[in-house]
Amino acid sequence: MRTNEISRICLTSAALIGCGMTSSCRQDNNDEAPRPNIILILADDMGYSDLGCYGGEMSTPVLDSLAFAGLRYTQFYNCARSCPSRACLLTGLYPHQAGVGHMVTDRGMDGYHGTLVSQSVTLAEALRECGYQTAMSGKWHVTNNTKPDGDRSQWPMQRGFERFYGTLNGLGSFWDPTTLYDGDTPIRAEGDYYYTEAITDAACGFIREMASKEDPFFLYVSYTAPHYPLHARKEYIEKYAGRFSAGWDSLRVERMKRMVGLGIFDEDTVLPERDDQCYPYDSEQYKEWQQMRMEVYAAMIEQMDVGVGKIMEEIRRAGVSDNTLIVFLSDNGASNEGHLFNKVERTGGPWNINQTHTRDGRPIRAGDYPGKRLGPDDTYGSYGPQWAHLSNTPFKRYKSWVYEGGICAPMIVSWGDRIKDKGSFRRGVFSIIDFMPTFLELAGGTYPERIRGQETIPMEGISMTRSFEEDYSDDDRILYWEHEGNRAIRQGRWKLVSEYPGAWSSLRPYPNGGNWELYDLEKDRTETEDLSASYPEVVERLSAEWTRWADRCGVKDWGEIGGVNW
C-alpha cells in the first residue's frame, strides 16, 4: 500500500472514531482546566514498525487514527523485556531498583528477587494520593507469587489499583489464561472466551464505573497481544491470507520505504543487512507455513486494535473524551524466540505454563512444527526470528537485546485538542521511566517520600509534558540498560552497547564477543557503523558512566547470576 493511501485511511479513521475528541467532559468548579483522565495502553512483544502508522502491513485503523490525531515518538525506549519494562513503567525506576533486574524468578539477591520492592511507588499508588480513581485490566507480570494462598503484597490490588481484572503471570493461552483474577479472586475462562477481548471488556466496564464519578481516573490496559502463543480468531486470520507471500526480505524493504515516506526516517537511513539469525526467504522450504505464522500474529494485533476502538467509543459515550490522555506503546521489541535455526522448540516446561489440554480436554501440541497451523486453542506456537526481524524494521536484533530492535518502541500520545501539532513526530529521547513524573505533573501531585513506613527510592525519569507542545531534544540526558548481560548507555547522539555471549553463544552468533560498540545515532540510527575504534575517549567516558550507574542501581555480573533466560 502506498504512503498516501495509508495517510488517507488513517485520517478517515480519525474522523470516524472521533479522535478529534470534541465531546464535552465534566468541568471543575473553577476556571482551571480539569486534571485529565489517563489511559495507558501496553502491547506485548510488538515490533517497532508493525502498526500501519509506523509503516507496517497490519490493519490498525484505530491506533493509526490516534497517531494522526496525536503524536508519534520515534525514539521512545523500554527495557528490552516484558517484566523489567513493566516494573519500570509502573514505578519510574530502573528494573534492578524496582526488584525485577531480570525476570520474575527469585534469584536470591537484591535487585533480582523477581517482584516489586516495597520501597517502590506504583503509578496507581502515586495517582491515588492525588485523588485519582485507579483500575487495571490485563497482564501484571511483576511478581513471582501468583497463587491465591501466597503472598499478595505485590499484586495489583495491594499496589494501588482499586479494580483489577487480568493475569498475574507472563504468558498463557489466550483461550484459557492461567493465573486469571478478578481483583484477588481466582477465576477461569468461560464460554466463547478470548483474552484480548476480555481485557477490553473489563477496561470498558471500568471506564463506565469511573467516568460516572467526579474524580479523574487512571486506567492501565495491559494487553498480552501479540505475545506467544499465537492465538487468534479464525475470521481475523483469514483476512491476512496471502498478505505476507512476498516473504520477510521483500516486505522488510517495502516497510522501510513506507517509513521513509511517512517521515519516520530520512531517505539516507541505512537498512541493515539481514540479521545473522535469519536466512533468505527464497531458501525457506515451508513458505505457506511460514506465511501462516505471520498471518496469525497480524490477526492478534488487529484484534487488539479493535479493542482499543471499543475503549475509545466507551470514552466518547461517557462524555470524557475531551480530557482523556491516551498513551499507547509496546513493552519491548519483537521476539525472535521459537524455531531458531529450524529447530522445534518450546514443547513444554516453562514456555507453556504446563498447559497440556484445552478446556474441553483436547491435547495441546506445543511447539513450532512445520505444517502445523496456529491460532486454535490446541496450538502453542510462535513466529520466529525471520518475521521478528521484519517486525523490528529497520533495527538490529530483538527483544532481550539492547540494540534498537530490542528497546525502541512505537509510542503514541493522543489528547484531543490539547495536542495542537496533530499528526506530528516527536524525535526527542524519552523512556518508559518517564511516565511517573509526567502523570504526576498532569495530576498536580508530588512523588511520595515515604511509603509503607519506608523511604521511597527516588524516581529516575523526567516529565514529557513539554513534548506534548513542542519537539525538542535534551542532549545531556543519559539513559541506561542492562538485561541478561546485554548493556547500553545513551547520551545525546552517542550510544554505547554490547551484547553478552554467555550461555547462548553456541546457538546464536555474537560477532563482537561482548565488547563495547559505539554508534552515532544522529547519523546512524540503525547501528551499522561501529565507531568505537575512532572515538576511544567517548567509549571510555560512557563505559565509566555505565559502571557508575550499574553500581548505584544494583546491577550484578550476569555471569554470576546463572545465564538462563526465564
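Let me begin with a term: a residue counts as buried when its relative accessible area is under 20%, taken with a 1.4 Å probe over protein chains only. Please keep in mind throughout that this is a predicted model.

With that cut-off, consider Ser120, which sits in the loop between helix 4 (95-98) and helix 5 (123-129). Because its relative accessibility is 0%, Ser120 counts as buried. Setting aside the neighbours within four places in sequence, the contacts of Ser120 are Thr91, Leu93, Glu125, Arg159, Ile451 and Arg452.

The second residue I would like to discuss is Pro448, found in the loop between helix 12 (435-443) and strand 14 (450-451). Pro448 has a relative accessible area of 16%, so this residue is buried too. Not counting residues up to four places away in sequence, Pro448 touches Val121 and Thr456, while its C-alpha atom is separated by 9.8 Å from that of Met459, 11 residues apart along the chain.

Four strands form an open sheet in the order 16-17-18-19, with antiparallel pairing; at its edges are strand 16 (478-483) and strand 19 (517-520), each of which pairs on one side only. From one strand to the next, the twist averages 15°.

Finally, helix 13 (residues 536-553) lies across strand 16, strand 17 (486-491), strand 18 and strand 19, and runs at about 70° to strand 16.

Methods:
Residues are numbered from 1 along each chain as its sequence is written. This is a predicted model: local features need pLDDT of at least 70, side-chain atom pairs count only at pLDDT 80 or more; totals for chains, interfaces and linings use all residues. Side-chain values use heavy atoms; hydrogens and water are left out. Helices (H or I, at least four residues) and strands (E, at least two) are DSSP runs, numbered from the N terminus. Buried means under 20% relative accessible area, exposed over 50%, partly exposed in between (1.4 Å probe, protein chains only). Contact means heavy atoms within 4.5 Å. Two strands pair if DSSP finds at least two bridges between them. Axes are lines fitted to C-alpha atoms, for helices over the stretch in contact, and angles run from 0 to 180 degrees between N-to-C directions.
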